[in-house]
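Here's a quick tour for anyone opening this one up for the first time. Have a look at the model, then read on.

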Amino acid sequence: MKQRGIESLLVTHLPDVRYLCGFTGSNAFLAITANRAAMFTDGRYIAQAREETKGARVVIAAKSARDEACRWLSSTGVKHCAFDPESTTVAGLALSRKALSPGHRAFFQPLAEPLVSNLRLIKDEEELRLMKQAAQMGVDLFHELLPQLHPGIPETTVAALLEHSARTRGADGMSFETIVASGIRSALPHGRATAQRLPRKGFLTLDFGVILKGYCSDMTRTVFLGRPTQRERITYDAVREAQQAAVAAVKPGVSCGEVDEAARSVLRKAGLAEYFTHSTGHGVGLEIHEAPRIAADQSQSLLPGMVVTIEPGIYIAGEFGVRIEDMVAVTRQGGQILTPASTGWTQL
């Protein structure tokens, strides 16, 4: 804040609040000045806030936690308070301004670029340890699930098996709504589980992740039920080659755009590029989608401590789809795969 000339900061994005002071409740406003920090919440969290919060004074608001945080900042004598426009809604900003007298409406000023989320880009050793545990849990869930898959099981049952096992193993919850897409539905990049039953013949895409002590995992594997056609095998092999090429491209100093191109160029040579309809990956951490974005024309350079997904896919509408995804930690030497389940052809 000092380096960027920021007098004070109001943090409203809950993952940012958790990152800075450890509080995990659903209502929190962290107010920071040059020499003081206070975390405002409500009466539901008296015990939890005092137990979890580090580095900030806990204030239990009698009415609005936002209002009290804003008034506290104004009372410290600072002239302006910064906020992150990427995570502050128009309505939220209006409420913050309303908490102050009309003469202080210019008190809140948007950050030119994100501050806390940029800090969150680089994971420390403890964060990486937790993310490795979350990723390994996902791998274990996948291996446990495979013997239970057979034609006729509803996709929703497959999702339930994964999610129940995750909870049994100690997960806080799932990182996102589990994707189970079989047969022609595998051509849907975000084909969430339905009552459709697994087919006797066709691809099955499983995209899921767990939250462990606040940190997310994310992985995708595509398996095949029955006997494939030559075209289905060739398409799978092309996606696997593209995924491996992008993983191999992950190194410090390499741009996100270059990693994306490593995957895209393989599919271009295979004549399948038109069916790759999304970016190659994204950052992951306290949120399932974080910076950086692994996509075309992204100039952000990878740095040690970043954790990204590498997930190229091919989606041929009305026929089938294939996606393979790993979490990869950027190290000083290159990239370390955190989800070491086999990406080889799996036929059930």
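Helices α3 and α4 cross in a right-handed way (the near helix is turned clockwise from the far one by less than a right angle). This is a predicted model, where local features need pLDDT of at least 70 and side-chain atom pairs count only at pLDDT 80 or more, while totals for chains, interfaces and linings use all residues. Residues are numbered from 1 along each chain as its sequence is written, and side-chain values use heavy atoms, with hydrogens and water left out.

The axes of α3 (residues 65-75) and α4 (residues 90-98) come within 8 Å and cross at roughly 55°. Axes here are lines fitted to C-alpha atoms, for helices over the stretch in contact, with angles from 0 to 180 degrees between N-to-C directions. The two helices are therefore oblique to each other (under 35 degrees is roughly parallel, over 145 roughly antiparallel, 65 to 115 roughly perpendicular, and the rest oblique). Helices are DSSP runs of H or I with at least four residues, strands are runs of E with at least two, and both are numbered from the N terminus.

Who does the touching? On α3, Arg 66, Asp 67 and Cys 70 make the contact, and on α4 the partners are Gly 92, Leu 95 and Ser 96 (contact means heavy atoms within 4.5 Å).

## The β8-β9-β12 sheet

Now for an open sheet of three strands, ordered β8-β9-β12 with antiparallel pairing (two strands pair if DSSP finds at least two bridges between them). β8 (179-182) and β12 (219-225) are the edge strands, each pairing on one side only. From one strand to the next, the twist averages 15°.

Four bridges join β8 to β9 (residues 202-208). Val 180 stands opposite Leu 206 in β9.

## The β7-β10-β11 sheet and Leu 212

Another open sheet has three strands in the order β7-β10-β11, again antiparallel. β7 (173-174) and β11 (215-216) sit at the edges with a single partner strand each, so one side of each has no neighbour in the sheet. β7 and β10 pair over two bridges, and Gly 173 has Ile 211 in β10 as its bridge partner. Helix α6 (residues 125-145) packs on this sheet, touching β10 and β11, and its direction makes about 140° with that of β10.

Leu 212 belongs to β10 (residues 210-212). Is Leu 212 buried or exposed? Leu 212 is buried, at a relative accessible area of 10% (buried is under 20%, exposed over 50%, partly exposed in between, with a 1.4 Å probe and protein chains only). Leaving aside neighbours within four places in sequence, Leu 212 has contacts including Leu 130, Ala 134 and Met 137.
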